[in-house]
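This briefing gathers computed geometry for a two-part assembly, grouped by topic. Please read it beside the sequence and the coordinates.

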Number of protein chains: 2
Amino acid sequence: MRQSTNYELMTALALEMKVRRKELGLSQEDLAGRCDLDRPYISLIEVARKQPTLSVLYRLSEALELPLGSFMERVQERYLQGVARNF
Amino acid sequence: MRQSTNYELMTALALEMKVRRKELGLSQEDLAGRCDLDRPYISLIEVARKQPTLSVLYRLSEALELPLGSFMERVQERYLQGVARNF
DNA sequence: GTGTAGACTCATGTCGACA
DNA sequence: ATGTCGACATGAGTCTACA
């Protein structure tokens with residue numbers, strides 16, 4: 001599997017998560033509680049060092065009160081912006 | 001991490017992938033080639049036995065010529081239908 | 001409240017092969 | 001062309017603990 005642009009994608013997810021979480025006034029601890037995930041793991045995602053699977057993405061979208069499609073749409077937007085910045 | 005509804009989600013992804021792939025007239029082999037993934041692995045996803053990470057989902061969405069948001073929106077729709085069927 | 005570390009279990013993703 | 005298997009390396013996700 002090619003691995004080149006994974007980091008950009010993880011960064012896009014990290015940013016979107018952090019922004020949305022703060023919009024809701026939640027701490028990482030709160031978010032972890034909402035989706036029944038490990039708190040340090042949430043932190044690792046938000047610093048773009050871990051890459052969740054589909055089920056985790058879904059539970060994050062629920063906890064962030066966004067439909068999965070909208071959540072991923074926002075991630076993709078940030079991703080494309082990030083890629084475009086490299087020119 | 002709770003694991004209860006992961007299977008429903010994997011099934012929703014499996015169905016959406018298979019339908020969309022055939023809409024494009026692609027074989028699993030073609031699809032694997034487009035997103036540079038293992039062909040048997042594609043098969044495992046389509047029988048709901050593997051759960052991809054974000055970067056794989058993204059590459060699948062590219063290969064299936066759908067924005068990530070739309071792709072995940074469709075998956076979620078199928079997922080909610082599948083869950084609703086259990087009542 | 002957040003980032004990071006180590007150690008751990010188990011799943012992802014790859015590869016070769018076979019029905 | 002698809003599903004499945006075994007074996008493998010790497011990474012996801014948990015837990016405890018500390019700055």
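A crossing is called left-handed if the near helix is turned anticlockwise from the far one by less than a right angle, and right-handed if clockwise. Helices are DSSP runs (H or I, at least four residues) and strands are runs of E of at least two, numbered from the N terminus. The model is predicted, so that local features need pLDDT of at least 70 and side-chain atom pairs count only at pLDDT 80 or more, whereas totals for chains, interfaces and linings use all residues. Residues are numbered from 1 along each chain as its sequence is written, chains are lettered from A and ligands numbered from 1 in the order in which they are written, and side-chain values use heavy atoms, with hydrogens and water left out.

**Helix packing in chain B**

- Helix α2 (residues 28–35) of chain B passes α4(B) in a right-handed crossing.
- The angle between α2(B) and α4(B) (residues 54–63) is about 115° and their axes lie 9 Å apart, where axes are lines fitted to C-alpha atoms, for helices over the stretch in contact, and angles run from 0 to 180 degrees between N-to-C directions.
- On the α2(B) side the residues that meet the partner helix are Leu31(B), Arg34(B) and Cys35(B), and on the α4(B) side they are Arg59(B), Leu60(B) and Ala63(B), with contact meaning heavy atoms within 4.5 Å.
- By class, this contact of α2(B) with α4(B) comprises four nonpolar, no polar and two charged residues, given that Ala, Val, Leu, Ile, Met, Phe, Trp, Tyr, Cys and Pro count as nonpolar, Asp, Glu, Lys and Arg as charged, and the others, Gly among them, as polar.
- Gly33(B), also found in helix α2 of chain B, counts as exposed because its relative accessibility is 56% (buried means under 20% relative accessible area, exposed over 50%, partly exposed in between, with a 1.4 Å probe and protein chains only).

**Glu46(B) and its surroundings**

- Glu46(B) lies in helix α3 (residues 39–46) of chain B and counts as buried because its relative accessibility is 5%.
- Leaving aside neighbours within four places in sequence, Glu46(B) is in contact with Ala14(B), Met17(B), Lys18(B), Arg21(B) and Gln28(B).
- The side chains of Glu46(B) and Arg21(B) make a polar contact of 2.8 Å, that is, a pair of N or O atoms within 3.5 Å of which, within protein, one must be able to donate a hydrogen and the other to accept it, residues adjacent in sequence counting only if both atoms are side-chain atoms.
- Glu46(B) and Arg21(B) are 25 residues apart along the chain, and their C-alpha atoms are separated by 10 Å.

**Relation between the chains**

- Thr53(B), placed in the loop between α3 and α4 of chain B, touches Gln51(A), Pro52(A) and Thr53(A), and its side chain is joined to that of Gln51(A) by a polar contact of 3.3 Å.

**Positive phi values**

- Glu65(A), in the loop between α4 and α5 (68–84) of chain A, has a positive phi of about 55° although it is not a glycine.
- Ala48(B), in the loop between α3 and α4 of chain B, has a positive phi near 60° and is buried, with a relative accessible area of 8%.
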